[in-house]
Amino acid sequence: MTNTTTAPPAPQAAQPAPQAAQPAGRTTGWIRTPHARPDATARLVCFPHAGGAANAFTALSAGLPEDIELLAVQYPGRQDRRAEPCAEEIGELAAGVAGALASRSDLPLFLLGHSMGALVAFETARLLEEHGTVARLFVSAARPPAQDWEEPDLTLVGDEELVAGLRRLGGIPEPLLRDPEIVAEVLRLLRADHRALLHHHCAEGTAVAAPVTVLLAAADPKNSLEQMAGWARHTTGGQDLVTLSGGHFSLVERPGESGPVLTHHVRADLTRADPVPAPASAQAAAPAPEEPLADLVREILLDGLEGRTPKLSTDLTTLEAAAREVMSPDAYAYVAGTAGSGATGRAGREAFDRVRLVPRMLRGTRRTDTSVTLFGQRLPVPVLLAPLAAQQVAHPEGETATARAAAAAGVPLVLSTFASRTLEEVAGQAGDQPRWFQLYLPSDRAVGKSLVRRAEASGYSAIVVTVDATHLGFRPAELDRGYSPFLRGTGIANFTSDPAFRAGLPAAADATATVLRWAQISTDPTLTWADLAWLRRLTRLPLLVKGILHPDDARLALEHGADGVVVSTHGGRQLDGGVSALDALPGVRAAVGPDVPVLMDSGIRTGSDVVKALALGADAVLYGRPYVYGLALDGRRGVEHVLRCLLTDLGLALALTGCASLADVGPGLLFPREHVGTHPLARTTSDTPGSGGTPENGDRR
């Protein structure tokens, strides 16, 4: 999109008539109602793409439930408005639609714009929000309004080239593209609408108050997650992202998929938000809204009425068995395997089973706040995806599918050094979602420095250095099969793409030489605390040490520059017979004090497990194997399913224990109380040999 100095009309004060801003000679026939729904509780206003018309949304309207009425916008210059000139400005379209909607504010309005229609919907929302009638803005296949859309001037593009572009994007059946009269009309409208698009300018700081849901089609050749992520800067109400299957026109071509997504968000907003203000005479008699079930629970149960059940189980503890049926034996052995007899892995789950929650009642927990602040950054949930290596063994898309799912679910991720996709590729799929980089410090310090610099440049906001895997654990499941993904070239993408690593390869190195070089330098068994201090000097990013179990090691980590620690047994994959991470957690928390961020992983499966970890001293958790099982079972959608289940379970666990926010979670939720917050290794600073005292640690969160 070429930006010019022509700005959209400024929002009017609380006047019922942006209609007055309509250019003379325009009709008021802006709205079509494909299926009138007299019992509707909300209206979904749909704005078509460049060259499109209101009938693009007929199939979508037919699939919506009776409580949602779809209003399709008809731009001038097409179909029954063909006699009118096409609009010259996006703002002109927005003013006309806003005026037409002013008389329909008796129900909440949800605006949905597809492609160019997203800009019209955005500007319409700006005009309408003075009246408080816009509940949510959906934007499909569209870059943010302040971003350069990189659109060409279509008056300079020939007809054949334009038709080829239409074929590439889809949306128009091939028989219609063979009809000269239809093609001529489509190209006329397309060029006219593009003139308005090219004239549009939106300042970077322009925002609406309504929340924004971004709809991204997975196979859209025109828009990517990275391009569309910037919508978050154009709303003060929050943004989420939903990925649809299909191409650029997935929204209208697959109403069976997009309809339920829209219905879910509309109904969720209606139950969360205050109702549209009633006349003063009726307000006193209006009943209080009922507290809804969690969104996912309600969605699944409503689907059940129509005979649809989830593709994957909502019992996250069963996914390992399901994944085993679809994964290759080698891949399953790598992902699920543990060290030795598996005692540490079992201890991780047994520790959670021993801890019991004691809920408190009648606390008025209508809503729960799951956000947490770590290192000055507010995270929406106290859960990050753990850095699991070589994810392509589970699914061909590997970490890129995981990153897209994490962004859609609003869960930050921690990327492994041993990823099967480069850290730059993953960053491109994560959008604006917070991400950290896990580092195995190589014995070749030049490579380590290069990895850190690449992470900094790619927007990773913390470094998590793993210290419990300087030697590979004895893992019978992998050894019995003689299998390592890395020796087969999977999981080393960050090395093969690294200039410092490639500089150490011999000339004309083949794949075998590359893997051997990786095996020689990828980890360093000689690491000491002095190496952590070197890493601390290398970067200003927050630095966490992962793999801490002993309180003294937690103190030493802080002394040598760490900003936080991760209590972890590496999922039971390193030392057989070790203490569980949950049992070690209280002692580590006591050792570092209340102000140092402490995370934990190993053994977490459910939302209640997360609450138990928080009650025992964790600020947040890293969530591991279940999401990789979801990846194996259904790719990106499988990961997203796992995360939605976990977060729904977490929100309900908080509400059912009487916690309105994470600040309410503490040892008082646990039974028996006398065993909470103690650790057989915990000692005071004075009786810790060689500790050097406890460093002064301010609020690092």
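Q: What makes F501 count as buried or exposed in this model?
A: This is a predicted model, and in it F501 has a relative accessibility of 0%. Buried means under 20%, so F501 counts as buried.

Q: How many aromatic pairs does a search of the whole structure find?
A: The search turns up 10 aromatic pairs. Let's look at two of them.

Q: Why is the pair of F486 and W518 called stacked?
A: The ring centres of F486 and W518 are 5.2 Å apart, and rings pair if their centres lie within 6.5 Å. Their planes meet at 25°, while planes under 30 degrees apart count as stacked. The pair is therefore stacked.

Q: What makes this pair a tie between parts of the chain?
A: F486 sits in the loop between helix 18 (476–481) and helix 19 (493–496), whereas W518 belongs to helix 21 (residues 511–521). The pair therefore ties together parts that are 32 residues apart in sequence.

Q: How do you know whether F486 and W518 are buried or exposed?
A: F486 has a relative accessible area of 10% and W518 one of 8%. The cut-off for buried is under 20%, so F486 is buried and W518 is buried too.

Q: Why is the pair of F495 and F501 called edge-to-face?
A: Here the ring centres lie 5.8 Å apart and the planes are at 80°. Planes over 60 degrees apart count as edge-to-face, so that is the name for the pair of F495 and F501.

Q: What makes R573 a charge over the face of Y334?
A: R573 is at 4.9 Å from the ring centre of Y334, and the distance cut-off is within 6 Å. R573 lies over the face of that ring. Likewise, R435 lies over the face of Y460, at 5.4 Å from the ring centre.

Q: Are A141 and A508 buried or exposed, and how do you know?
A: A141, in the loop between strand 5 (134–140) and helix 4 (159–169), has 4% relative accessibility and so counts as buried. A508, in the loop between helix 20 (499–503) and helix 21, has a relative accessible area of 80%. Exposed means over 50%, so A508 is exposed.

Definitions and conventions
Residues are numbered from 1 along each chain as its sequence is written. This is a predicted model: local features need pLDDT of at least 70, side-chain atom pairs count only at pLDDT 80 or more; totals for chains, interfaces and linings use all residues. Side-chain values use heavy atoms; hydrogens and water are left out. Rings of Phe, Tyr and Trp (its six-membered ring) pair if their centres lie within 6.5 Å; planes under 30 degrees apart count as stacked, over 60 as edge-to-face and the rest as tilted. Helices (H or I, at least four residues) and strands (E, at least two) are DSSP runs, numbered from the N terminus. Buried means under 20% relative accessible area, exposed over 50%, partly exposed in between (1.4 Å probe, protein chains only). A charge sits over a ring if NZ of Lys or CZ of Arg is within 6 Å of the ring centre and within 35 degrees of the ring normal.
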